[in-house]
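Please consult the sequence and the structure shown below.

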Amino acid sequence: MTLFHFFNCAILTFGPHAVYYSATPLSEYDTLGTSIKAALVYLGTALVKLVCLATFLKVSENDSFDPYQELLKALIGFIDVAGLYFALTQLTHRNISQNHKFQAVGLGWAFADSVLHRLAPLWVGARGLEFTWDFILQGLEANANLVLSISLAALGSLMWLRKNKPKTLIPIIYACAGIVATMPSITSYLRRGLGWHFPKVVGFELFTSLVMAFISWQLFSACQRPSS
C-alpha cells in the first residue's frame, strides 16, 4: 500500500510533464535537448538563490510572516527571471520556432523544480505507513507550477524575443510576468500572514495558474497577429 501511494503521488507530480511533452508538438520537433538545457540552467539558478538566501536572510525563530524577509525573498526570487532570460536568449537551440522554444524551456524549468523540491520529500514521506493527503496536494501544486512556469516562459519570450509587439500590451506583459515571478511570496503571505491551510493555498495556485495561462495565451496570440 505504501509503494502504491508513492507511485500514485509520483505519477501525479511528474506525469503531467511527460504528458505535456508527448501530447504537444514538442515531441515531434525533438525539443528534449532544449528542456534538458533549461533544467540545468534552473539548477544553477537554484544554487545562486540558495547562496543569496543563506547570505542575506536570517533564520526566523517562528513561522510568522516577516514583511522585510519576504521582500528580500521576492527580490532574490527574481534571479529565476534572470535564469529564464539566459535559457531563452543565450542557450543554443535547434531550429525550432519561438512558440516551441518557450514551451520546451518552461517544461524543463518546471520539471527541474519538481525534482529538486518534491522528489526527496515524496520518497521519504509517501512511503510511510500512514496515509496523508499532503503529497497528493504537493502533486497538484507541481501541476500548478508547471502551468505557471510555461506561462512565465511565454511572457519572457514576448518581453525579450518578440520585437514587434503592440506597445499597448507591453505594460500588461510586464505586470503579468511580475505577478507570476512573485507567486512564491504571494503564497507565503497567504500561509503565514493570513493563516491559510495548505489545501486552500494549493487551490489558489491552481486557479491562478489557469488564469495566468489564459492571459498569457491571449497576449501571445495578440502579439502574433500582424500589425495593422
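How far apart are the end C-alpha atoms of helix 9, and what span should its 27 residues have? Helix 9 (residues 198–224) should span 39 Å at 1.5 Å a residue, and its end C-alpha atoms are 38 Å apart, which agrees. The expected span is 1.5 Å times one less than the number of residues.

The model is predicted: local features need pLDDT of at least 70 and side-chain atom pairs count only at pLDDT 80 or more, while totals for chains, interfaces and linings use all residues. Residues are numbered from 1 along each chain as its sequence is written, and side-chain values use heavy atoms, with hydrogens and water left out.

**Helices and their buried residues**

- Helices are DSSP runs (H or I, at least four residues), numbered from the N terminus.
- Buried residues of helix 9 include Val-201, Glu-205, Met-212, Phe-220 and Cys-223; buried means under 20% relative accessible area, with a 1.4 Å probe and protein chains only.
- The buried residues of helix 9 pack against helix 5 (98–125), helix 6 (134–160), helix 7 (170–181) and helix 8.
- In helix 3, the buried residues are Gln-69, Glu-70, Leu-72, Ala-74, Ile-76 and Gly-77.
- The cover over the buried residues of helix 3 includes helix 2 (32–56), helix 4 (79–89) and helix 8.

**Helix 3 against helix 8**

- Two packed helices are described by the angle between their axes and the distance between the axes.
- Helix 3 (residues 67–77) and helix 8 (residues 183–193) pack at about 155°, with axes 10 Å apart; axes are lines fitted to C-alpha atoms over the stretch in contact, and angles run from 0 to 180 degrees between N-to-C directions.
- Helix 3 and helix 8 are therefore roughly antiparallel, a term for angles over 145 degrees.
- The crossing of helix 3 and helix 8 is right-handed, meaning that the near helix is turned clockwise from the far one by less than a right angle.
- Glu-70, Lys-73 and Ala-74 of helix 3 meet Ser-185, Ser-188 and Arg-192 of helix 8, where contact means heavy atoms within 4.5 Å.
- By class, this contact of helix 3 with helix 8 holds one nonpolar, two polar and three charged residues; Ala, Val, Leu, Ile, Met, Phe, Trp, Tyr, Cys and Pro count as nonpolar, Asp, Glu, Lys and Arg as charged, and the others, Gly among them, as polar.

**Helix 2 against helix 5**

- The axes of helix 2 and helix 5 come within 7 Å and cross at roughly 50°.
- That angle makes helix 2 oblique to helix 5, oblique being what remains beside under 35 (roughly parallel), over 145 and 65 to 115 degrees (roughly perpendicular).
- Helix 2 passes helix 5 in a right-handed crossing.
- The contact of helix 2 with helix 5 has 12 nonpolar, five polar and one charged residues.

**Individual buried residues**

- Thr-45 lies in helix 2 and counts as buried at 6% relative accessibility.
- Beyond four places in sequence, Thr-45 touches Ile-79, Asp-80, Gly-83 and Trp-109.
- Thr-45 and Val-105 are 60 residues apart in sequence and 14 Å apart in space, C-alpha to C-alpha.
- Asp-113, in helix 5, counts as buried at 13% relative accessibility.
- Leaving aside neighbours within four places in sequence, Asp-113 is in contact with Tyr-42, Arg-118 and Asn-145.
- Ser-157, in helix 6, counts as buried at 0% relative accessibility.

How values were computed
Helix = DSSP H or I, 4+ residues; strand = E, 2+ residues; numbered from the N terminus. Buried < 20%, exposed > 50% of the residue type's maximum accessible area, 1.4 Å probe, protein only.
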